[in-house]
Every structure is written in C-alpha cells, then in structure tokens.
Amino acid sequence: MQPAKLWLSRYAKFVVVFTLFLISVGGTVTTKKAGLAVPDWPTSFGYNMFTLPFHFWEGDALLEHSHRLVGSVMGMLVIGLLIWTACVERRSWVKQLTWVALVMVIVQGIMGGLRVTELSIAWAIVHGCTAQAFLCLLLLIAVALSPEWDRPLAASVSPARVANWRHWAWIVVGAVFLQLFLGAFMRHIDAGLAIPTFPLTPEGTFMPTVHNKHVDIHFAHRFWALVVTVLVGILTTKVLRSAWAERRFRRPALGLIVLLIVQIALGASIIWTQRASHPTTLHVVNGAVVLALSFLLGIRANRFSKAHNDQPFSASPTPLQA
C-alpha cells in the first residue's frame, strides 16, 4: 500500500476511536443530567463557544461545554478525513461516504443544539441514536480504507461459508441498534431505576406486576437484552465454526462474546449501585462497541460472501493497491 494511503487508513481508524471518546463524553453528560447546564446554543452563556471565560468552566457546565468542544473537534476531524480521502482515494463510493459523514456530523451538532433550545427529550434521544449510526458509518470508511480490504480469505474459509451466516450479522446489527434506542429512551425519561432490582423485580417475578411508561420501557430494555444475547450467540457460533482460521472474523466474534458479557454485568451493576456514574457511562460506551463489532462482522461478511465478493458497496470497484 502506498504510504499516503497507509497513513490515511490509520487516520480513519483514529477518527473511529475519537468517535467512541465523543460518545463517552456525551454519555457522561446524560448520566450527570448536565445536558442543559449551558442554557443557550450555538453560544455558551452568550459567548462564542471557543472564547468562553474560564470562570464558567465548572461543575455541570464544564461537562456540557466540553461535550460541545469535543464535538467541534470531531467535525474538524471529519473535514480532514474528507479532504485526505479526496486527494488519495480513487473509489468514488468511499469518497461519497466521507461527504455523508460530514453531513451527519453537521446534523448531529444541530440536533444537539435543538435539544438545548427546544428543551426536547425527543431530540436528545435522536441525537444519541444518530451518534451510534455515525460511528458505524466511520467504521465502514475505515474498513474500506484498510489494507486488509482486498486481502483474500484464508485458504480454509470459502465465500460460500461466509454467505451462510451473513444475514445473521445484519440481524444482530439491527437488534443491537434497537437495544441502544431502548436504552437511550430509558435514560432520557429517567427510567433507569424503574425496576430497582435485578435480575428479578421487587416482587420476585421476571415480569413486572406494575405497568406504566417508565416500568414498561425499562422492562423492554431488559427483555430485548435477552433477545440480543441469543442472536449474538447464534452469530458467533456460526462465525467461529466456519471462519476460525480467518482472524478478520475470529477476532471481532470473540470480542463480541466478551463485550456482551461485560455489557450484561454493567447493566446489572447500574441497578445494584443505584445508577452510579461510572458503570452507567461505561454501559453506554460498551454498547457502542458491541454495535461496532457487530457492524464490522456485517461489513466483512458482505465483502467476502459468495454473492457479494466482487464489490459489496459499488458496482464499479477500484481496488486499493497493496
């Protein structure tokens, strides 16, 4: 691979990691209920966001203002990714994805601002879910720019085997995204402790005996976690049976198993610690990584399955040069 493309690949991976950092900052803001600590937008306490006097930088305002600044850096990183890709990448569909990423980061910033100016929980939920979709888009760009994109499968792994479980990868992606939506909904309507015990309800039953909006959304989040666990189990079993020799499948599949167990433990600890800050925020970030690993398996399965091994995202491919 040419040095310019190799460094672009590394930069794209850095942007993905930075997106996870941004999600962690946003998760902390929500956990601390600091989303409205700075009451105006796009200004901050009437000042330009980048010239806010330091005496405002304290408590919840520090958290919310830091979230805005990190979001601004994210926008600049995406602009850099777009320009760099336009200069060294020949595949038009990859360059088009960077434009989509730029539009998404702008829209994401506007939605975050509307959450403040409109005092809207709905905008907060959409803002959180769009962040997860944005992470997946950047991951797709990073994988496409990776030198591994055009490397053939291990000799013992056939595209036909990959095709056999490809649809399960996308089912898991959809299920995990729905779970993250339920979690965002639950967090923003303050229903995280609507059922204050785990794994059973205070009455000692699996299903709650009292029903209202908060209890029902909380239970839906718990129930769907079981569904996701079953689906991840099916997917990872199929992947590891058919593609153990291919590290591009083996590593994310093993990571998915481990992080799903961690996610369940974090969810339980949120209840047992009465929504302590650290496990609550880690639950958000770890959920994003679970989605990313699922999406990574879906991308690679699409790339190497028999039905799509020519080009999964474009009818006229231009391969990376090794």
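Me: Which residues have the most contacts inside the largest nonpolar core?

Reply: They are Met74, Leu81, Phe134, Leu138, Ile141, Leu235 and Phe249, in a core of 69 residues. Eight helices each supply at least two residues of this core: helix 1 (3-31), helix 2 (59-88), helix 3 (92-117), helix 4 (121-145), helix 5 (159-188), helix 6 (213-243), helix 7 (247-272) and helix 8 (277-304). The largest share, 13 residues, comes from helix 4. Please keep in mind that this is a predicted model.

Me: What makes a set of residues a nonpolar core?

Reply: The members must be buried residues of the nonpolar kinds, joined through side-chain atoms within 4.5 Å. There is also a second, separate core here, with 5 residues, including Leu182, Ile189, Ala191 and Ile217.

Me: Which residues does leucine 235 touch, not counting residues up to four places away in sequence?

Reply: Leucine 235 touches Trp165, Trp168, Ala169, Val172, Leu256 and Leu297. The test for each is simple: a contact needs heavy atoms within 4.5 Å.

Me: How confident is the predictor, and where does pLDDT stay under 50?

Reply: The protein averages a pLDDT of 92, and 94% of the residues score at least 70. Over residues 307-322, though, pLDDT stays under 50. The model has 39 contacts beyond four places in sequence for that stretch, so those contacts rest on positions in which the predictor's confidence, on a scale from 0 to 100, is under 50.

Me: Why is serine 24 called buried?

Reply: Its relative accessible area is 17%, and buried means under 20%, so serine 24 qualifies. You can find serine 24 in helix 1. Leaving aside its neighbours within four places in sequence, serine 24 is in contact with Thr281 and Val285. Serine 24 and valine 285 are 261 residues apart along the chain, yet their C-alpha atoms are separated by 5.6 Å.

Me: Why does leucine 226 count as partly exposed?

Reply: Leucine 226 has 44% relative accessibility. Buried would need a value under 20% and exposed a value over 50%, so leucine 226 falls in between. Leucine 226 is part of helix 6.

Me: How many disulfides does a search of the whole structure find?

Reply: The search finds 0 disulfides. Take cysteine 129 as an example: the nearest cysteine sulfur, that of cysteine 136, is 12 Å away. A disulfide needs two cysteine sulfur atoms within 2.5 Å, so cysteine 129 is in none.

Me: Is cysteine 129 buried or exposed?

Reply: Cysteine 129 is buried: its relative accessible area is 11%, and the cut-off is under 20%. Cysteine 87 has 62% relative accessibility; this value is over 50%, so cysteine 87 counts as exposed.

Me: Which residues follow helix 3 and helix 5 with a positive phi?

Reply: After helix 3 comes leucine 119, with a phi near 50°. Just after helix 5, aspartate 190 takes a positive phi of about 60°. Aspartate 190 belongs to the loop between helix 5 and helix 6. Its relative accessible area is 44%, between the 20% and 50% cut-offs, so aspartate 190 is partly exposed.

Me: Why is lysine 33 called exposed?

Reply: The relative accessible area of lysine 33 is 54%, which is over 50%, so lysine 33 is exposed. Lysine 33 sits in the loop between helix 1 and helix 2. Its phi is positive, about 55°, although lysine 33 is not a glycine.

Conventions:
Residues are numbered from 1 along each chain as its sequence is written. This is a predicted model: local features need pLDDT of at least 70, side-chain atom pairs count only at pLDDT 80 or more; totals for chains, interfaces and linings use all residues. Side-chain values use heavy atoms; hydrogens and water are left out. Buried means under 20% relative accessible area, exposed over 50%, partly exposed in between (1.4 Å probe, protein chains only). Helices (H or I, at least four residues) and strands (E, at least two) are DSSP runs, numbered from the N terminus.
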